[in-house]
Amino acid sequence: MAQKLFAEAILGKLTLQNHIVMAPMTRNRATADHIPTDIMATYYAQRASVGLIISEGVGPSPNGEGYARIPGIHSAAQVEAWKNVTDAVHAKGGKIFAQLMHTGRIGHSLHLGENAEIIAPSALAAAGEIYTDTDGMLPHPTPRALTTEEVKQTIQEFVNASVNAVEAGFDGVELHGANGYLIEQFISPDSNHRTDEYGGTIENRSRFLLEIAEEAGKAIGLHKVGVRLSPYGVFNDIKPYAEVDETYTYIAQKLNEIGVVYLHLVDHSSMGAPIVPDAIVNAIREAYKGSLILSGGYDAERAEAALQSGLANLIAFGRPLIANPDFVERLKTGAELNQPDFSTFYSPGEKGYTDYPVLEAVASK
Ligand SMILES: Cc1cc2nc3c(=O)[nH]c(=O)nc-3n(C[C@H](O)[C@H](O)[C@H](O)COP(=O)(O)O)c2cc1C
């Protein structure tokens with residue numbers, strides 16, 4: 001029987017109800033112009049018994065909203081709409097961070113507002129295709145490379161979005177440095193061919209993330225800034241590279257010096273990605289002294305073992321939380337879990353979103 005998983009946890013200045021984190025999951029239920037909707041408040045409130053919810057990826061700026069129906073957090077209307085979500089979660093005793101996800105080159109202009117464009121560190125298109133609501137699958141577009149000045153403006157966009165997130169009632173932000181989005185497009189030497197101070201060496205490729213972390217921390221407090229990373233990740237055409245261990249050890253050291261509240265590691269081997277070697281996880285654990293969140297393919301037993309061993313401070317669960325609003329209750333009682341329906345992961349509307357049954361509903365059928 002799990003001991004630690006269900007016990008209260010401390011994260012910076014927050015006390016969490018338990019050690020269970022809801023992993024960030026894009027669900028595409030915002031409006032076409034990226035405004036959060038009422039069903040999003042219902043969805044997150046249904047899942048508020050976890051210790052911490054990390055929201056789906058949220059666009060920090062118009063250029064960062066490259067997917068269909070993902071929410072943003074740069075306009076007053078978006079901030080207002082998010083207040084419904086954060087209020088609903090807090091009313092149930094939950095805590096929620098906003099994941100700031102700039103899609104960079106993994107987006108399509110069909111989803112962007114009028115003056116927005118697809119940008120990236122370098123003008124290199126990702127291999128593969130992207131889904132669009134109007135035209136179905138289309139090749140990833142070739143992004144425009146940011147100038148050095150524009151890189152600095154984009155850093156400021158993340159900082160402004162962090163301020164907006166706090167204004168909207170979020171307990172903090174997670175900088176999405178994983179899964180091939182803009183921050184990882186800077187980190188990876190394959191997608192970053194820049195010759196200014198944001199490209200080339202490990203220090204330079206990490207600078208974009210580290211400057212965002214530092215500046216966001218100054219703006220909202222470092223106890224409200226976490227970072228998600230995916231060493232050895234291959235999602236969105238990130239290619240393996242020789243310096244990966246050195247890169248992530250350096251980043252972990254620097255994030256430790258800066259003092260962000262948590263580091264959240266992605267392991268998508270349960271989804272077909274390469275296994276993240278223990279050596280790099282241990283090197284990161286060694287370098288970074290704050291709260292470490294591990295995620296990817298966990299069940300209650302593995303989670304408890306990772307917490308007991310001291311490797312992880314918190315464990316994030318993704319797909320099980322899509323299908324089980326009362327996930328914590330089900331784990332506690334050993335009840336069977338509902339299985340997620342993949343066909344409704346990204347579709348609009350309530351189906352497969354807010355209509356998964358909870359235990360009482362199953363019992364009364
Ligand atoms: C539908 C779906 C959407 C996702 N969207 C995001 C996202 O917006 N940001 C992110 O960092 N990870 C995203 N992920 C990855 C999850 O956060 C998590 O790492 C992954 O599901 C593995 O955990 P699990 O095995 O517990 O599901 C997504 C996963 C799924 C299934």
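This is a predicted model: local features need pLDDT of at least 70, side-chain atom pairs count only at pLDDT 80 or more; totals for chains, interfaces and linings use all residues.
**Stop 1: helix α6.** Select residues 244–258, which make up α6. Its 15 residues reach 21 Å from the first C-alpha to the last, close to the 21 Å expected at 1.5 Å a residue. Now pick out Thr247, Tyr248, Ile251, Ala252 and Leu255, which are buried. Look down the axis of α6: these buried residues fall within an arc of 130°, so they line one face of the helix. Turn to the other side of α6 and you will find Glu246 and Glu257, both exposed. Just after the helix, click on Gly259, where phi is positive, at about 95°.

**Stop 2: the core.** Next, select Val21, Tyr44, Leu175, Leu209, Ala213, Leu263 and Ile315. These have the most contacts inside the largest nonpolar core, a set of 102 residues. Helix α5 gives the largest share of this core, seven residues. Zoom in on Leu263: leaving aside neighbours within four places in sequence, its contacts include Ala252 and Leu255, two of the buried residues of α6. Leu263 is also in contact with Val227, Leu229, Ile284, Tyr288, Gly290 and Leu292.

**Stop 3: the ligand.** Finish by showing the 23 residues around the ligand, of which Ala23, Thr26, Gly57, Gly318 and Arg319 come nearest. Colour this shell by class and you get nine nonpolar, eleven polar and three charged residues.

Conventions: Residues are numbered from 1 along each chain as its sequence is written. Helices (H or I, at least four residues) and strands (E, at least two) are DSSP runs, numbered from the N terminus. The expected span of a helix is 1.5 Å times one less than its number of residues. A residue is buried if 20 or more other C-beta atoms lie within 10 Å of its own, exposed if 12 or fewer, and partly exposed in between; C-beta atoms are placed from the backbone. The arc is that of the directions from the helix axis to the C-beta atoms. A nonpolar core is a set of buried Ala, Val, Leu, Ile, Met, Phe, Trp, Tyr and Cys residues joined through C-beta atoms within 7 Å. Two residues are in contact if their C-beta atoms, placed from the backbone, lie within 7 Å. A residue is near a molecule or strand if its C-beta atom, placed from the backbone, lies within 6 Å of it. Ala, Val, Leu, Ile, Met, Phe, Trp, Tyr, Cys and Pro count as nonpolar, Asp, Glu, Lys and Arg as charged, and the others, Gly among them, as polar.
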